[in-house]
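Please work through the following exercises with the structure at hand. Each task is followed by a solution in steps.

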Protein chains: 2
Amino acid sequence: MSIKLSGWDDTIVALATPPGIGAIGVIRLSGTEAIQISNQLFPSKDLTQQSSHTLHFGYLKEGDKTLDEVVLSLYKAPRSYTGENTVEISCHGSPYIQQQIIGACIHRGARLAKPGEFTQRAFLNGKLDLTQAEAVADLIASNTSASHKTAINAIRGGFSAALKDVRDQLLQFSALIELELDFSEEDVEFADRTRLRNLIEEAQVKLAKLLHSFQLGNVIRNGISAAIIGKPNAGKSTLLNAFLNEDRAIVSEIAGTTRDTIEEVLNIDGILFRLIDTAGIRARSIDTIENAGILKSLQKMQQADLVLYLFDVNETTPGELETVRREMSVANIKCLFIANKIDGSNEEALKEKFEAADVTFIAAKTGLHLDTLKQEMVAQVLGGEVGAENVIVTNARHYHALQEVQKALTDVTDGMNNKLPGDLLALDIRRCLQYLGEITGEITNEDQLDYIFSKFCIGK
Amino acid sequence: MSIKLSGWDDTIVALATPPGIGAIGVIRLSGTEAIQISNQLFPSKDLTQQSSHTLHFGYLKEGDKTLDEVVLSLYKAPRSYTGENTVEISCHGSPYIQQQIIGACIHRGARLAKPGEFTQRAFLNGKLDLTQAEAVADLIASNTSASHKTAINAIRGGFSAALKDVRDQLLQFSALIELELDFSEEDVEFADRTRLRNLIEEAQVKLAKLLHSFQLGNVIRNGISAAIIGKPNAGKSTLLNAFLNEDRAIVSEIAGTTRDTIEEVLNIDGILFRLIDTAGIRARSIDTIENAGILKSLQKMQQADLVLYLFDVNETTPGELETVRREMSVANIKCLFIANKIDGSNEEALKEKFEAADVTFIAAKTGLHLDTLKQEMVAQVLGGEVGAENVIVTNARHYHALQEVQKALTDVTDGMNNKLPGDLLALDIRRCLQYLGEITGEITNEDQLDYIFSKFCIGK
């Protein structure tokens, strides 16, 4: 597939690496003139005579002025990310120098790239479909193993392949219906209605799975918010530290990781748990939870996707726990009950005492059963869905298009139930195919593309 | 020159681009195992069979897990920055992915690079001398055309070449003296003392120039602080705005420039003028400058490298200006006198009135003669030295070593005056050569190197 829109034959330039001081920076040039423009700034060699996929060391010069000592990476169309001639200039990591080089490229006829324009060109040149292009942005933003895995799977075409399955079934259905239309004069049903129903049902099952995966996709992409609450001295801070210290130790092993993002964020099996600031709840909630103030506290807790209710196993009666459990249930709060300070006690006896299949017993101070707790947290969030489905919908645009496909499919089924003629069924099927095509970008328009790519960073 | 220190035969890895989210990031691997380690993570191709200076697209995998879609740049020893086998992994600009890839490299036997270790290896492998290596850090930090030009000149070996001139003269001297020593029994002076004196003098002149350039070098590297002072309503804010608006327009033309650095910084002909916060002075100084409070105000002004004394040409008498001028002179403050609000007046008459060769006449509001003022500011700082000397000393370590060379040379001259025997003169000459060698790194030690490179960023 190759769609050519107007205004795409010029050459664009942008800094592709994060701004700021570093050892090196990379400036990317793409377009028909990319090699000529670089060549004018690179007296050491004639770049137009060099092969694709080669590296060239030398000085970048603007007239007499030496801009920098650089290495140029040369990619000739169509063997590049964008599918166009591309030169990547690897220069020293000084913002001043990068500005000078970009300025020199602009002076020679390039234009500053818009956000996502390199990827947009890759899409327009048929190097990626739209779901793959969108996964590029997800991949860059990925910060856990789960979000990374989902994005890289989508880049490799996993999501497109899953859609292709649905699409193939619908095309098969469509072909049968169209065949029937050709012979409509004769009023025969070539297309076996039972077979049609089966095709639609299969497609519906796949769609339902994809739609269902969106909740998980959201969790994977955005993480979930969790509130640790409990009475004073239940051990909330100890638990928080036990979580964070472990996590921090792993993260800070490699330099360059931003501290900000790990301050109150836990990464468990690739799912990000953001510990929302419930200082107020932590300090006050449980004192009031059995009082009149209970509603207000519950509202706060409801902002969290998950509440971790921590209690001191030695200071809490099964009756008290039961009260809390009931309140949580009434308020429809997803809650994990955690009995703390079990060290020194008989675990079996405790479990019996609290009659609790749904209580996790830990000792935050020593880290006892912390791993079990983490597994419970993940299970609570995912409901055991991890690994069950490889292809996961993470993108709201895809989700809404899939919903439309589902609606149109339901219309087809209803149509068959009402014995609608084949040409009307065919219309609904075309609607399905239209929505599927919008997801992968086979059917699209410039405004929509501009909107999608405007969310990318510059240089991508 | 190739110095091999212990512990330099392993393979190092680091992120070479600035940390943070961007379109792409580059991870650099260098060392004997760099290609093998990348090859283990790159199932698409056998990298060991590929030529140097080539680019390879494919997936980076750790076992079954796909880490990223990457392009590898392959450099084979000695044709690389470090002089070792080097692989640069161009991956997506996600800190999470970069961490995963670096982790995978470490898992396969690489070790996290220390700050500046790539450049240190380049030095140890004779790809750069020490002044060139140090210029790499300067180049990365360069933020004006002047600092950039100085650094790139040093990287290209300009400073080393200037030192080589001095060194060659001293070696010539040394050779003559040594020859004499061989025949010392015969008590003949082979080395013509006049010629020796000339050689030393020439070297001294070059040294003096280099030493002298350090003040300019400091200005180029660090910028200079300037305080705009004057009575209320002299037009200080208008001048500041006139400066900043022009400058800002230029800087913000290309995206990615940090706003912080331009807030109160002027770049005039590549020299950074940092307008230090003299709010206090601005508001009060001139009211008190003729009073008892004058000393305190002057002390504040003395913190600035340059004072811009602005006055309203219509509200100031030549006598008042004379008083200020005298005070500045007594306090030894470098000051530029600026007559503002000259629009509507006869310039010639004004110049006559203030008998002022040293006053710059402007109208800040309309920008009249702002360029002249800028030229004056640069001239005040550089004392007309710009362009007079291409090679500029910017590094304190070099400056101090050059001072030692100068001292030793003076000892040689003194020795000749005192008719010291040739072998003693030779000792002093060797001292000179020793200090010169320390600058370029021909003579050095591990501690000193570690110190120098520890100031680099990681990945360089």
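This is a predicted model: local features need pLDDT of at least 70, side-chain atom pairs count only at pLDDT 80 or more; totals for chains, interfaces and linings use all residues.

**Exercise 1.** Describe the contact between chain B and chain A.

*Solution.* Begin with the extent: chain B gives 56 residues to the contact and chain A gives 56 residues. The buried area between chain B and chain A is about 4,700 Å², and carbon and sulfur atoms account for 66% of that area. Next, count the polar links: 15 residue pairs, both at pLDDT 80 or more, are in polar contact between chain B and chain A. On the side of chain B that touches chain A, β4(B) supplies the largest share, with nine residues. By type, the residues on this side of chain B are 28 nonpolar, 20 polar and eight charged. Finally, zero salt bridges are counted between chain B and chain A.

**Exercise 2.** Determine whether B:R121 and B:E117 are buried or exposed, and how they are placed in the helix.

*Solution.* First, the side chains of B:R121 and B:E117 form a salt bridge, at 3.8 Å from N to O. Second, both belong to helix α3 (residues 117-124) of chain B; because they are four residues apart, about one helical turn separates them. Third, B:R121 has 1% relative accessibility, so it counts as buried. B:E117 likewise has a relative accessible area of 1% and is therefore buried.

**Exercise 3.** Locate the partners B:R325 and B:D358.

*Solution.* The closest N and O atoms of this salt bridge are 2.8 Å apart. B:R325 lies in helix α11 (residues 318-330) of chain B, whereas B:D358 lies in the loop between α12 (347-353) and β12 (359-361) of chain B, so the pair ties together parts 33 residues apart in sequence. With 18% relative accessibility, B:R325 counts as buried, while B:D358, at 36%, counts as partly exposed.

Definitions and conventions: Residues are numbered from 1 along each chain as its sequence is written. Chains are lettered from A and ligands numbered from 1 in the order in which they are written. Side-chain values use heavy atoms; hydrogens and water are left out. Contact means heavy atoms within 4.5 Å. Buried area is the accessible area (1.4 Å probe) that two parts lose on being put together, summed over both. A salt bridge is a side-chain nitrogen of Lys or Arg within 4 Å of a carboxyl oxygen of Asp or Glu. A polar contact is a pair of N or O atoms within 3.5 Å; within protein, one must be able to donate a hydrogen and the other to accept it, and residues adjacent in sequence count only if both atoms are side-chain atoms. Helices (H or I, at least four residues) and strands (E, at least two) are DSSP runs, numbered from the N terminus. Ala, Val, Leu, Ile, Met, Phe, Trp, Tyr, Cys and Pro count as nonpolar, Asp, Glu, Lys and Arg as charged, and the others, Gly among them, as polar. Buried means under 20% relative accessible area, exposed over 50%, partly exposed in between (1.4 Å probe, protein chains only).
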